[in-house]
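Please keep the sequence and the coordinates at hand while reading.

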Amino acid sequence: MRRKPIGLLTAEDLRLLLGQDVGAPILLPRALAMLEHDPLCEGDLYPGDLLASTLRIPPSHWHARPDHLERLERVLAALDTTAEDFDFLLREPIAKFREQLGS
């Protein structure tokens, strides 16, 4: 995947790379664009798996890139919290993300 053009990376590719903390400064804008289009965008695991990987990016990145944090906050605000698997799959990662950022 490291040789694949960024524009051709799928949600699954981004989920894997971001989950391994590979290239967040470069890959995050593409992931955020996908999430802005569909907050529950999914790779191969479950609805919202790309978002879950994005939420695990270290707080230092978000503090250094407030524009990325702003975009992510808009994605989180757009989430349908009544979705079937929201509580089980995303509520805890979102809470942990906000706790780590101190927000």
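D21 sits in the loop that joins α1 to α2, where helices (H or I, at least four residues) and strands (E, at least two) are DSSP runs numbered from the N terminus. The phi angle of D21 is near 55°, a positive value in a residue that is not glycine. This residue comes just after α1. The model is predicted: local features need pLDDT of at least 70, side-chain atom pairs count only at pLDDT 80 or more, and totals for chains, interfaces and linings use all residues. Residues are numbered from 1 along each chain as its sequence is written, and side-chain values use heavy atoms, with hydrogens and water left out.

Buried means under 20% relative accessible area, exposed over 50%, and partly exposed in between (1.4 Å probe, protein chains only). The buried set consists of A11, E12, D13, L14, R15, L17 and L18. These residues pack against α2 (24-37) and α3 (49-55), with contact meaning heavy atoms within 4.5 Å.

From α5, the residues L69, L72, E73 and L76 meet I94, F97, R98 and L101 of α6. The contact divides into six nonpolar, no polar and two charged residues. In this count Ala, Val, Leu, Ile, Met, Phe, Trp, Tyr, Cys and Pro are nonpolar, Asp, Glu, Lys and Arg are charged, and the others, Gly among them, are polar.

What of the whole? The protein has six helices and zero strands. Its radius of gyration is 13 Å, close to the 13 Å from the globule rule for 103 residues, so the protein is as compact as a globular protein of that length. The radius is taken over C-alpha atoms, and the rule is 2.2 Å times the number of residues to the power 0.38. Along the principal axes, the C-alpha atoms fill a box of roughly 35 × 30 × 20 Å. Of the 103 residues, 40% count as buried. Among contacts with a separation of 6 or more, 52% come from residues 24 or more positions apart.
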